[in-house]
Amino acid sequence: MKKILLAAAVLALSVGGIPPVQAQNAEETGFTRQEIENIVREYLLANPQILYEVQAEYEKQQRQAQREASRQVIAQEAERIFNSSHDGVLGNPDGDVTVVEFFDYNCGYCKRALGDLDTLVKDDGDLRFVLKEFPVLGNDSRDAHVVSMAFRSLMPEKYDAFHRRLLSGSGRANEESAIKIALELGADETELRAAMEKPEIMEAFRDTYALADQLQITGTPSYVVGDEVVFGAVGSEQIREHIETARQ
């Protein structure tokens, strides 16, 4: 039993579970360093599942720490996250719950998640859905999002149609394909290209990148619902659960 407890103590030390003073006390039990290492090795070989348990607990604690950090950011930066003038809004603009999606027009998962947006907005008349343009997949994405931002500034009433057409397109979104859709929806090309040069667009991107970094968002789609960050294309049902939690 003494050996098992010693092995557990040293193992805990190896994953940061006990302070150094306790490790020193463990070594003062009369065992040599080599004996301690042998005991730990034998214990782990006989009980390898403990490594999985330790890893699982570590990951659980990391996720909890990440959630708590994100909640603090959401509380501090709520206006930038939920009410930025740079973002498009779909659904009910006066809804009682807001879902914020960080997306990229060339993200395959975002394309598949478009159906989730449609389902959620259609089924929930009190849902406000914010689209935070987050080009992270190269120059084509950035250029397509520049056109998107410019188009929305000129024709906000048709932004919904523009967004759906560009995101659901089969080819890679870029400046050319985005401009084509904008013109088909009635935009004036001269005005559109002038709007694309406005510095506010790049300022909006920088602000979104900064928020994503604070929220530990590295991929798309990612969502903010209430005080939670939801990573990945998790489907409408899981997002709906977060919406209901936010309402409660």
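Arg-80 is partly exposed, with a relative accessible area of 25%, where partly exposed lies between buried (under 20% relative accessible area) and exposed (over 50%), for a 1.4 Å probe and protein chains only. Arg-80 forms a salt bridge with Asp-207, the closest N and O atoms being 2.7 Å apart; a salt bridge here is a side-chain nitrogen of Lys or Arg within 4 Å of a carboxyl oxygen of Asp or Glu. Because Arg-80 lies in helix H5 (residues 78-82) and Asp-207 in helix H11 (residues 199-214), the pair ties together parts that are 127 residues apart in sequence. The model is predicted, so that local features need pLDDT of at least 70 and side-chain atom pairs count only at pLDDT 80 or more, whereas totals for chains, interfaces and linings use all residues. Residues are numbered from 1 along each chain as its sequence is written, and side-chain values use heavy atoms, with hydrogens and water left out.

**Salt bridges**

- Asp-207, the partner of Arg-80, is itself partly exposed, at a relative accessible area of 23%.
- Under the stated rule, the count of salt bridges comes to 19.
- One of them joins the side chains of Arg-71 and Glu-228, at 2.2 Å from N to O.
- Arg-71 belongs to helix H4 (residues 49-76) and Glu-228 to strand S5, so this pair ties together parts that are 157 residues apart in sequence; helices (H or I, at least four residues) and strands (E, at least two) are DSSP runs, numbered from the N terminus.
- In this pair, Arg-71 counts as partly exposed at 26% relative accessibility, while Glu-228 counts as buried at 16%.

**Helix H12**

- Helix H12 (residues 236-247) has 12 residues and reaches 16 Å from its first C-alpha to its last, close to the 16 Å expected at 1.5 Å a residue, the expected span being 1.5 Å times one less than the number of residues.
- The buried residues of H12 are Ser-236, Ile-239 and Ile-243, and they lie on the same side of the helix because they cover an arc of only 65 degrees around the axis, taken from the directions from the helix axis to the C-beta atoms.
- On the other side of H12, Glu-237, Glu-241 and Thr-245 are exposed.
- The cover over the buried residues of H12 includes strand S2 (97-103), helix H6 (108-123), strand S3 (127-133) and strand S4 (222-225), where contact means heavy atoms within 4.5 Å.
- Within H12, the side chains of Glu-244 and Arg-247 meet in a salt bridge at 3.2 Å, N to O, and, being three residues apart, they are separated by about one helical turn.
- Salt bridges that share partners join Asp-96, Asp-124, Glu-244 and Arg-247 into one network.

**The S4-S5 hairpin and Ser-222**

- Strands S4 and S5 (the latter residues 228-231) pair in the antiparallel sense over four bridges, pairing being assigned if DSSP finds at least two bridges between two strands.
- The two strands form a hairpin with two residues between them, and Gly-226 in the turn has a positive phi of about 60 degrees.
- Ser-222 is found in strand S4, stands opposite Phe-231 in S5, and is buried, with a relative accessible area of 2%.
- A polar atom of the Ser-222 side chain lies 2.9 Å from the backbone oxygen of Gly-219.
- Leaving aside residues up to four places away in sequence, Ser-222 touches Val-100, Glu-101, Phe-102, Ile-217, Val-230, Phe-231 and Gly-232.

Notes: A polar contact is a pair of N or O atoms within 3.5 Å; within protein, one must be able to donate a hydrogen and the other to accept it, and residues adjacent in sequence count only if both atoms are side-chain atoms.
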